[in-house]
Amino acid sequence: MIRFGTNPIAWANDDDQTLGADIPTERILHEAGALIGFDGIENGHRWPNDPEALRVLLASHGLAFISGWHSLNLLVHSVEDEIRAITPHLDKLAHNGCKVAIVCETSNSVQGLPQPLTTRPVLDAAGMRDFGAKVEAVAAHCAGRGIDLVYHHHMGTVVQSPEDIDAFVAATGPHTKLLFDAGHCWFGGGDPEVVLARHIGRVKHFHAKNVRPAVKERIDAENLSFMDGVRAGVFTVPGDQDGAVDFEPLLALLAAQEYHGWIVIEAEQDPAIRNPLLYQTLGLHTLKRLAVRTGLVPAP
């Protein structure tokens, strides 16, 4: 079954909490659930940490809890320490019936720092093999809890480029799954259709993020940080004519693979400039139309 979700980062940014600080939490949930019609929503800094309070809050708006980001620090901590660190997160996910745990290595990332993306960390071949082995060990633990660890390739981190994704997949085993993010793939220099086709068998979660090439070119030309790019509007939703990502072949690949799970619009923008209600509605309508066209979901 395919379910369509969103992320509250479109309304209230997690990394720069001044973006959307004036938007009430009730408005986020009302728009995502009653007005737009998403099936669920990912985690955000506004949600309660208590697993049951979280379930009740989202359910009151007709929304399921999809999953949430967990920062790994495996390059500086042991596997045992990281398993202890992720356990409360897994408890929250299990209580809410979540099937995936979204993770990304952040111990040396520049994604939230005022540093150019060109300063992001890079692992050599041996470093990637060691890192992959540690991720696989954590993933095996998650699998024992009935939850797939899905690794989020992300700008400003050790798994950013298509070559990084290839090396990471090769360095990990069968327990480690992939969160495929179309926007981060394109931004990182990859062709989303090519990269997704290469790793479709490992994909267990899908982020439908779009990219504005004009803003990306500015980031490259001015050597800006990741968050500078976010504030400038580098990301957008499926269906935006300013975006570069073609989602139809991506959904066709998911359909051919008989993908089951969430398709999530995780597209952070400044809500004071680009109204989340309008953009998220555009994104969902676009994805649903393409999902029917590609056979990912049956026609209504």
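Mentor: Helices (H or I, at least four residues) and strands (E, at least two) are DSSP runs, numbered from the N terminus. Keep that in hand, and start with Phe131. Phe131 sits in helix α4. This is a predicted model: local features need pLDDT of at least 70 and side-chain atom pairs 80 or more, while totals for chains, interfaces and linings use all residues. Residues are numbered from 1 along each chain as its sequence is written, and side-chain values use heavy atoms, without hydrogens or water.

Is Phe131 buried or exposed? Its relative accessibility is 1%, so Phe131 counts as buried. The cut-offs are simple: buried is under 20% relative accessible area, exposed is over 50%, and partly exposed is in between (1.4 Å probe, protein chains only).

Now look at what surrounds the ring. Contact means heavy atoms within 4.5 Å. Leave out residues up to four places away in sequence, and Phe131 touches Leu74, Leu75, Glu105, Leu123, Tyr151, Val158, Val159 and Phe168. Find Tyr151 and Phe168 in that list. Together with Phe131, they make up one aromatic cluster. Then turn to Phe65, which lies 66 residues from Phe131 along the chain. The C-alpha atoms of Phe65 and Phe131 are 29 Å apart.

Rings of Phe, Tyr and Trp (its six-membered ring) pair if their centres lie within 6.5 Å; planes under 30 degrees apart are stacked, over 60 edge-to-face, the rest tilted. How many aromatic pairs does the structure hold? There are six. One of them joins Phe226 and Phe235, and it is tilted. The centres of Phe226 and Phe235 are 5.9 Å apart, with 55° between the planes. Phe226 and Phe235 are both buried.

Step back to the core. A nonpolar core is a set of buried Ala, Val, Leu, Ile, Met, Phe, Trp, Tyr and Cys residues joined through side-chain atoms within 4.5 Å. The largest one has 70 residues. Phe131 is among those with the most contacts inside it, along with Tyr151, Phe206, Phe247, Ile263 and Leu296. Which helix gives the most to this core? Helix α4 (residues 125-144) does, with six residues. Apart from this core lies another, of twelve residues, including Phe187, Val215, Ile219 and Met227.

Setting aside residues up to four places away in sequence, Phe206 touches Phe180, Leu196, Phe247, Leu250, Leu254, Tyr259, Trp262, Ile263 and Val264. Two of these names, Phe247 and Ile263, you have met in the core list.

Leu254 leads on to Ile200. Ile200 lies in the loop between α7 and β8 (203-207). Ignore neighbours within four places in sequence, and Ile200 contacts Leu253, Leu254 and Gln257. Lys177 is 23 residues from Ile200 in sequence, and their C-alpha atoms are 10.0 Å apart.

Next, go to helix α11 (residues 276-294), where you find Gln280. Gln280 is buried, at 1% relative accessible area. Beyond its neighbours within four places in sequence, Gln280 is in contact with Thr6, Ala10, Trp11, Ile36, Phe38, Val237, Ile265 and Ala267.

Arg231 belongs to helix α9 (residues 226-232). At 35% relative accessibility, Arg231 counts as partly exposed. Apart from its neighbours within four places in sequence, Arg231 is in contact with Asp16 and Leu19. Gly173 is 58 residues from Arg231 along the chain, and the C-alpha atoms of the two are separated by 36 Å.

Asn223 lies in the loop between α8 (213-222) and α9. Its relative accessible area is 37%, so Asn223 is partly exposed. Check the backbone there: phi of Asn223 is near 55°, a positive value in a residue other than glycine. Glu258 has a positive phi too, of about 60°, although it is not a glycine. Glu258 is in the loop between α10 and β11 (261-265). Is Glu258 buried or exposed? With a relative accessible area of 62%, Glu258 is exposed.
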